[in-house]
Amino acid sequence: MMMSESHYSSFSDTDSSDDNSVTKSKTIKTLDLSNSIFKTYLQSQSSTSSPTPTPTDLSKIKSFLTNTSGCCLICLERIRLSDPTWSCSSLCFTVFHLVCIQSWARQSSASSAARALTRLPVTQERATETATWNCPKCRSEYSSSMIPREYLCYCGKLKDPPSDNPWILPHSCGETCGRALRPECGHHCLLLCHPGPCPPCPKLTKNHCFCGKVSDVRRCGHKNFSCDNPCFKLLECTIHKCNVICHDGVCPPCAEQSMYACHCGSVHELRKCSERDFRCEGKCDKMLDCGKHSCDKGCHYEGECGKCPLQGKRTCPCGKKGYEGLACDVAAPLCGGTCDKLLNCQYHRCPERCHNGECLATCRRVVTKSCRCGVMKKEVPCFQDLTCERKCIKIRDCGRHGCRRRCCDGDCPPCAEVCGKKLRCRNHRCPSPCHLGPCSPCPLMVTILCACGETRFEVRICDFLVMGLLVFSHAYSLHPVVPCGTEKDQKPPRCRKLCQKTPLCSHVSVSKPHRCHYGPCPPCRMVCEENFCCGHSCKLRCHGPKPPPNPEFNLKPTKKQLSQKLEGTPGSPCQPCPELIWISCFGKHLGAEKRVVCSTKKSFACENLCGNPLSCGNHYCTHRCHAVKNGTCEECKLRCQKERTTLPCPHPCPLKCHPGDCPPCKTLIKRSCHCGSLVHVFECSYFNTLSKEDQITVRSCKGPCHRKLPYCTHLCPETCHIGSCPSPEKCCKKVTVRCKCQTLKKEWLCKDVQSAYRDAGSDLSAVSKSHFGLGLLPCNAECERKVQAAESVLKSRKPKVKEEKETQTDETLLKRKKRRERVQQTEQVPTFQKFIATAKLVAIILAIVLALIGGTYFCYKGLLKLNDWMNALDEQRQKQGPRRI
């Protein structure tokens, strides 16, 4: 497959136009080195029946060809065309500086030898010979003898390959590679000396498929193939055949299912053919040849029980004395000697007599032991390990941390701490266990993409050509990642795809698409043409909303940038409409129009009256022309003056002037019940809509009447009713009747008491309710005796009361005289005492005033003397003159 110039053009970058302008000005012949490198490989196959190589065969070679100007993973510096290099030949084929890999290999070998000396019983020379070092990237292991000492080309034939030849690849000899191909087929690489792995072998050979039924002529690198037919090889069961499509390796186990029996034949199960040989969980339990014991083996084939193990020559439990001719059901007797079997410690023997069963599990013989570090010795039981509390002070193989293990035997374990040193990339820390020597390069790779993620980092062929003598205008799409630490020198690639952000302005369908980019999208340059509410359109450049911008190119965004949400920019409003229009006044009166700018249009008030009907529908607006809110003028503030015609309601309407009928009257009116015990509250509209009979019914409290009868003290026994209480003269309540002296009493019915008053000719309405029934009974002789006895007692009590009053008056007079004398004495004594107290107070005040006057006087004098003394000092200093230094 020839890689033509048109093939490269599909990978060209967006800035290739700039390079084309340079190449057009210079008449330099362009040359594709890849054609010369792949020429031998492509021509080695037959031109008639050879299949064309797949793109994957040469993809790795192309990537290494275009990446020769990469960076060294050890020093993170760019590999120049003239720098001596070394490439890994095991897995990764990564290119390093020769000086860097030599330093890396020596340090790694030295640390490996140091670890071997501390962990293994070897000499210094042996540790140095067996030391190894690893590739910084793929960690492939190399011996210390393979440390590179010379600058060789990629194939290893030429020492110090030239770097000034523009017709060959840098660090290459320009000859055929000749390395043995992998997997080893006996052929050699036909490419020119190149970086990276060799491609698959292109030789044509006749090979069979995996099952061996089909043969075909194929390339040696892809000689193993499948014919896509069933395998049909005989499986291990020698019964069925393999039904899998032609495959590599051993055929899978037979999956045919059937009923199979276990070894003993007691259990039958549905199993796969490959699992037909199985054992059940039962025991044999068949009688042995002795006829006394049964077989204790598990499931097995018939006839494999064997002989009785207790027949023949037998020994005592310790094995020292033998017995012959014992029956199998008779236990072997004990010999009586010492057991002497080796215990679990493997040093001492069992001290007990010959016995059945196992010996002691733990050896309890006391021996002198030393701890692992050899510092302490102590007598302990044999089964017990002895360790001291001393901590090891040796430094581990990392050379940074101490062992600190208790009772260490000198073989300190590897350091378990994390290295944590900052790597050369300056972005991450070493995650490996703590170690000697330099840390491995950062294994992470940084992806450099465009904003949409479709276009990846690209490097031009001209970057790895010598001094720009050969310039190519095409570019190759390379690895999407670069080593960590080198991303700071990279720039985002230019993408040929269109931006996926949809414009938010009104020109989505007409706007011109633009390329993928970082940051905000370019502004729309079309005319706005946004329609105003007035019907005109905006004639300025588009100023609508903008979509949220793409994030700025930043390979290591901060936490604040990650949490920040990019939002779209809201568009600025259109400028006011500049068109001229005619507008009318608020009331739209004829002949009152004005011509104004559309954006500043505003209704105005003319000098006419408004005349619009008010919301009440009863009056008209009498103000000057004004703006109407909510379709009507201001509310009518007059009270409603309508009369209620439907109901005989005396209350006025509480609302303001309103259209339509007045609402039902909600005024609360009070009406007492017929007996006067309760007061009912009704709405006016509800009470007036009732008939007279319903009003009487509603006003009743439904309880007893609570009104007193007119001729007695009792209440009306009827339910609350309208009008006077019926038949008050027929009251049947009991009344206590007494004589005039209230000595005799009897209980009469109320109607009998009323008839007695009528018979006596007295008016019932004039009889006091508190004396109702008093004096109706005549007094007898006993009443007269009680009255006389009471009068005699009263007469005997009256003189004693007068005497007591006279004695009380004499005592009170004496007490009053004594109080007056005491008051006169107290009024004479305090006058002198008050005089003395006032004199003392005046003296104290005078002393305080004199002390304040004296203090101020002496302070003033002292200040004058201090001033005079300071003036004298100044005069002396002036006379002496300035000091000499």
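A nonpolar core is a set of buried Ala, Val, Leu, Ile, Met, Phe, Trp, Tyr and Cys residues joined through side-chain atoms within 4.5 Å. Buried means under 20% relative accessible area, exposed over 50%, and partly exposed in between (1.4 Å probe, protein chains only).

The model is predicted: local features need pLDDT of at least 70, side-chain atom pairs count only at pLDDT 80 or more, and totals for chains, interfaces and linings use all residues. Residues are numbered from 1 along each chain as its sequence is written, and side-chain values use heavy atoms, with hydrogens and water left out.

**Stop 1: the largest core**

Select Cys72, Ile74, Trp86, Phe96, Ile101 and Trp133. Of the 32 residues in the largest nonpolar core, these touch the most other members. Now colour strand S2 (95-97) and helix H5 (98-119), the elements that give two or more residues to this core. Helices (H or I, at least four residues) and strands (E, at least two) are DSSP runs, numbered from the N terminus. H5 gives the largest share, 5 residues.

Zoom in on Phe96. Leaving aside neighbours within four places in sequence, its contacts (heavy atoms within 4.5 Å) include Cys72, Ile74, Trp86, Ile101 and Pro136. Another core, of 21 residues, lies apart from this one; among them are Cys705, Val737, Cys750 and Val767.

**Stop 2: helix H10**

Select residues 750-759, helix H10. Which of its residues are buried? They are Cys750, Val753, Gln754 and Tyr757. The buried residues of H10 pack against strand S21 (734-738) and strand S22 (745-749). After H10 comes Gly761, with a positive phi near 80 degrees.

**Stop 3: two loop residues**

Select Ser144, in the loop between strand S4 (141-143) and strand S5 (204-208). Is Ser144 buried or exposed? Ser144 is buried, at 15% relative accessible area. Beyond its neighbours within four places in sequence, Ser144 is in contact with residues including Ser109, Trp133 and Arg149.

Next, pick His507, in the loop between strand S16 (481-483) and helix H7 (559-563). His507 is buried, with a relative accessible area of 6%. Leaving aside neighbours within four places in sequence, His507 contacts Cys524, Met526, Val527, Cys528 and Cys542.

**Last stop: helix H12**

Select Ile845 in helix H12 (residues 830-880). Ile845 is partly exposed, with a relative accessible area of 46%.
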